[in-house]
Amino acid sequence: MKKVEAIIKPFKLEDVREALSEVGITGMTATEVKGFGRQKGHTELYRGAEYVVDFLPKVKLELVVASDQVPACIEAITNAARTGKIGDGKIFVTPVEQVIRIRTGEEDEAAI
């Protein structure tokens, strides 16, 4: 099993959710986060005053999938989230040792 974390632009969330659903991945957690990478924020004008917005709004997706689903998951996220502009995001894949469904006690891939 692997944990796939993706940081994407907020307006791409629905597209990514649909793309993942099409490849058979239905469960995920989405969190509104703020951050920056190479994008390094931007300057805005408010009531005549200029100020720098360092942290940009993003959405963090977290999914735990079977190891054989990882390539399809990555491809779905990449294709749906890509705009071709700076700040499209990142995908991180890490191993998961154990998963337990609290309600039933199911473990590992049965609990996903």
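Where does I86 lie? I86 sits in the loop between α2 and β6 (90-95). Helices here are DSSP runs of H or I with at least four residues, strands are runs of E with at least two, and both are numbered from the N terminus.

A word on the model. This is a predicted model, where local features need pLDDT of at least 70, side-chain atom pairs count only at pLDDT 80 or more, and totals for chains, interfaces and linings use all residues. Residues are numbered from 1 along each chain as its sequence is written, and side-chain values use heavy atoms, with hydrogens and water left out.

I86 is exposed, at 52% relative accessible area. Exposed means over 50%, buried under 20%, partly exposed in between, with a 1.4 Å probe and protein chains only. G37 is 49 residues from I86 in sequence, yet the two C-alpha atoms are 9.3 Å apart.

Now the core. The largest nonpolar core has 17 residues. Such a core is a set of buried Ala, Val, Leu, Ile, Met, Phe, Trp, Tyr and Cys residues joined through side-chain atoms within 4.5 Å. β1 (2-8), α1 (13-22), β5 (56-65) and α2 (70-81) each give two or more residues. α2 gives the most, six.

Take V16. V16 is among the members that touch the most others. Leaving out residues up to four places away in sequence, V16 touches I8, L61, I77, A80 and A81. Contact means heavy atoms within 4.5 Å.

Last, the helix pair. D15, V16, A19 and L20 in α1 meet C73, A76, I77, A80 and A81 in α2.

Thank you.
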